Amino acid sequence: MSFRIVHLSDPHIGPMPRPRGRELIGKRVTGYLNWKSGRRHAHDMGALAQIVADLKAHHPNHVAMTGDISNIGLPAEFQLARSWLETLGPAEDVSFVPGNHDAYVRGSMPDLARAFAPWTTGDGAEGGQFPYLRVRGHVALIGLSSGAPTPFFIASGRLGREQLAAAETLLRQAADADLVRVIMLHHPPRSVASSIARGLTDARDFEALMRRVGAELILHGHNHKLSVTRLEGPAGPIPVVGAPSASAIRGAPRHRAGYNLFEISGSRSDYKIEAQARGLLPGAATIGDLGPIPL
């Protein structure tokens, strides 16, 4: 049997609710001005609705949403985002990991954890705890949180030693159970993938983790483009696939609204993964097939 995963990211749900005066302090001020001046025109909720309709027509077994569901981490944004996540399917069939725009300031963190607990609940665990593990059929979905509050003009992420250590335990357990392991996180997990201000600050530690225990597929967002790279694993290269923004209507074809579709068959000892990109067609406002993704 095959297991179908839809991967989408960075929808930046809008329109942004009007912030209260006391909420526009610190980094949120510049973020709000950035949204007002440009970001709100780059992300189109009509295009996002088309993406959702298209992915649902493919009847996925699971949806992986890898962060930046909000813009400046307002509590009211989280409620709007919750309502949108509910349109993707039951919470047990939809997994979420936060991005830097969700963990925008330290004050966002408690509301972030509460709002998205149904989509971050691992098997036999409480919601809002990272990493989490969800076993669905022959697939182990492991969610990591790289979203962490950062200073002005910094969009980097961090996993931390405790989360990496816990992830290693989950990855080993999943390997022992012969499950195909799929890791979800927001930031590209390669030390050369992004600038210091936008990358994963402990990417080298993650790379070392992959060399020790490996995974079969890694999904991320953040860069707003379709991308394929690889990390060294104990059994060979591990595909690392980035998704474009699910709502972007500007830029080159691989930057425009889209999502990735994966078919996973077999168990870890004998598996096959095929991938396809879907999104806004070049020169059109309709969603269609953008071709296979080489893994």
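Trainee: What share of the 295 residues of the protein chain counts as buried?

Mentor: In this predicted model, 55% of the 295 residues of the protein chain count as buried.

Trainee: What share of the contacts with a separation of 6 or more comes from residues 24 or more positions apart?

Mentor: Such residues account for 68% of those contacts in the protein chain. Gly 26 and Val 105 give a pair to look at: they are 79 residues apart in sequence, with their C-alpha atoms 8.3 Å apart in space.

Trainee: Is Gly 26 buried, partly exposed or exposed, and why?

Mentor: Gly 26 has 38% relative accessibility. Buried needs under 20% and exposed needs over 50%, so Gly 26 counts as partly exposed. You will find Gly 26 in the loop between strand E1 (2-8) and helix H1 (27-42).

Trainee: And why is Ala 140 called buried?

Mentor: Its relative accessible area is 0%, and the cut-off is under 20%, so Ala 140 is buried. Ala 140 sits in strand E5 (residues 139-143). Setting aside neighbours within four places in sequence, its contacts include Leu 133, Arg 134, Ala 174 and Leu 179, along with Val 180, Arg 181 and Val 182.

Trainee: How far is Ala 140 from His 58, C-alpha to C-alpha?

Mentor: The C-alpha atoms of Ala 140 and His 58 are separated by 21 Å, and the two residues are 82 residues apart along the chain.

Trainee: What makes a group of residues a nonpolar core, and which residues touch the most other members of the largest one?

Mentor: The members have to be buried nonpolar residues such as Leu, Ile, Phe or Trp, joined through side-chain atoms within 4.5 Å. The largest nonpolar core has 30 residues, and Leu 8, Ile 69, Trp 84, Leu 85 and Phe 116 touch the most other members. Among the elements that each supply at least two residues are E1, helix H3 (75-86) and strand E10 (258-267). The largest share, 5 residues, comes from H2.

Trainee: Which residues is Trp 84 in contact with, leaving aside its neighbours within four places in sequence?

Mentor: Trp 84 is in contact with Leu 8, Pro 11, Ile 13, Leu 48, Val 52, Met 65 and Ile 69. There is also a second, separate core of 24 residues, which includes Leu 159, Leu 164, Leu 170 and Leu 209.

Trainee: Which residues of helix H6 (residues 203-213) are buried, and what covers them?

Mentor: The buried residues of H6 are Ala 203, Phe 206, Glu 207, Ala 208, Leu 209, Met 210 and Val 213. An α-helix has 3.6 residues a turn, so residues three or four places apart point the same way. The cover includes helix H5 (161-176) and strands E6 (180-184), E7 (217-220), E8 (227-233) and E9 (236-242). Just after H6, Gly 214 takes a positive phi of about 70°.

Trainee: Where are the cis peptide bonds at Pro 15 and Pro 131?

Mentor: One joins Gly 14 and Pro 15, with omega about -5°, and Pro 15 lies in the loop between E1 and H1. Another joins Phe 130 and Pro 131, with omega about 0°; Pro 131 lies in the loop between H4 and strand E4 (132-136).

Definitions and conventions
Residues are numbered from 1 along each chain as its sequence is written. This is a predicted model: local features need pLDDT of at least 70, side-chain atom pairs count only at pLDDT 80 or more; totals for chains, interfaces and linings use all residues. Side-chain values use heavy atoms; hydrogens and water are left out. Helices (H or I, at least four residues) and strands (E, at least two) are DSSP runs, numbered from the N terminus. Buried means under 20% relative accessible area, exposed over 50%, partly exposed in between (1.4 Å probe, protein chains only). Contact means heavy atoms within 4.5 Å.
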